[in-house]
Amino acid sequence: TADDSPVVSRLANHPRLRSAARKFAARLDEQLAAMELELRAGKFAELAALAHWLKGAGGTVGYDAFTVPARTLEGCAKAADGSGARTALDALHGLAKRMVVPDEDVAA
């Protein structure tokens, strides 16, 4: 099923955590690119470590939609399941494309 709803951080309106959500969003693309490289190289331990980062970091900054697919990716990587990892990584790319990044802090 194709879901095209926006992926929004539940902390986007939190004054002190908005910047953390922005930093996560900025780092996500490079982390997904690194995951692609590790998957293509068959470096499953490295891929599992990156997936573990995403599993924790996404939820910490309120992007809970990333938690389950990142957990799936981590499990597939630990099992050296390249096909499962590909599917999970594709799902993460889809989420990333729909991610809404909070605006910069607006002075009150």
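Biologist: Is the crossing of α3 and α4 left-handed or right-handed?

Modeller: A crossing is left-handed if the near helix is turned anticlockwise from the far one by less than a right angle, and right-handed if clockwise. Here α3 and α4 cross in the left-handed sense. Before going on, note that this is a predicted model, where local features need pLDDT of at least 70, side-chain atom pairs count only at pLDDT 80 or more, and totals for chains, interfaces and linings use all residues. Residues are numbered from 1 along each chain as its sequence is written, and side-chain values use heavy atoms, with hydrogens and water left out.

Biologist: What counts as a helix, and at what angle do α3 and α4 pack?

Modeller: Helices (H or I, at least four residues) and strands (E, at least two) are DSSP runs, numbered from the N terminus. Axes are lines fitted to C-alpha atoms, for helices over the stretch in contact, and angles run from 0 to 180 degrees between N-to-C directions. Helix α4 covers residues 82–97. Its angle with α3 is about 155°, and the two axes are 8 Å apart. For orientation, angles under 35 degrees count as roughly parallel, over 145 as roughly antiparallel, 65 to 115 as roughly perpendicular and the rest as oblique. So α3 is roughly antiparallel to α4.

Biologist: Which residues of α3 and α4 meet?

Modeller: Contact means heavy atoms within 4.5 Å. From α3 come P69, A70, T72, L73 and C76. They meet G84, A85, A88, L89, A91, L92 and L95 of α4. To class them, take Ala, Val, Leu, Ile, Met, Phe, Trp, Tyr, Cys and Pro as nonpolar, Asp, Glu, Lys and Arg as charged, and the others, Gly among them, as polar. This contact has 10 nonpolar residues, 2 polar and no charged.

Biologist: How do α2 and α3 pack?

Modeller: Helix α3 spans residues 67–78. It packs with α2 at about 160°, with the axes 8 Å apart. That angle makes α2 roughly antiparallel to α3. The crossing is left-handed. On the α2 side are F44, L47, A48, A51, H52, L54, K55 and G59. On the α3 side are T67, A70, R71, L73, E74, A77 and K78. By class, there are 8 nonpolar, 3 polar and 4 charged residues in the contact of α2 with α3.

Biologist: How far apart are the axes of α1 and α2?

Modeller: They are 9 Å apart, and the angle is about 160°. Helix α1 is residues 18–41, and helix α2 is residues 44–60. So α1 is roughly antiparallel to α2. Their crossing is left-handed. Among the contact residues are F24 and L28 of α1, with W53 and L54 of α2. The contact divides into 12 nonpolar, 2 polar and 3 charged residues.

Biologist: Is L28 buried or exposed?

Modeller: Buried means under 20% relative accessible area, exposed over 50%, partly exposed in between (1.4 Å probe, protein chains only). L28 has a relative accessible area of 0%, so this residue is buried. Leaving aside neighbours within four places in sequence, L28 touches L54, F66, A96 and M99.

Biologist: How many aromatic pairs are there?

Modeller: Rings of Phe, Tyr and Trp (its six-membered ring) pair if their centres lie within 6.5 Å; planes under 30 degrees apart count as stacked, over 60 as edge-to-face and the rest as tilted. The whole structure has 4 aromatic pairs. In one of them, F24 and W53 have ring centres 5.7 Å apart and planes at 25°, so they are stacked. F24 is in helix α1 and W53 in helix α2, so this pair ties together parts 29 residues apart in sequence. F24 is buried, at 5% relative accessibility. W53 is partly exposed, at 22%.

Biologist: What is the geometry of the pair F24 and Y63?

Modeller: This pair is stacked, with 5.5 Å centre to centre and 25° between the planes. Y63 lies in the loop between α2 and α3, so its pairing with F24 of helix α1 ties together parts 39 residues apart in sequence. Both F24 and Y63 are buried. One aromatic cluster is formed by F24, W53, Y63 and F66.

Biologist: Where is V7, and which residues does V7 contact?

Modeller: V7 is in strand β1, residues 7–8. Its relative accessible area is 5%, so V7 is buried. Leaving aside neighbours within four places in sequence, V7 contacts Y63, A65, F66, L95, R98, M99 and V100. V7 and A65 are 58 residues apart along the chain, yet their C-alpha atoms are separated by 7.1 Å.
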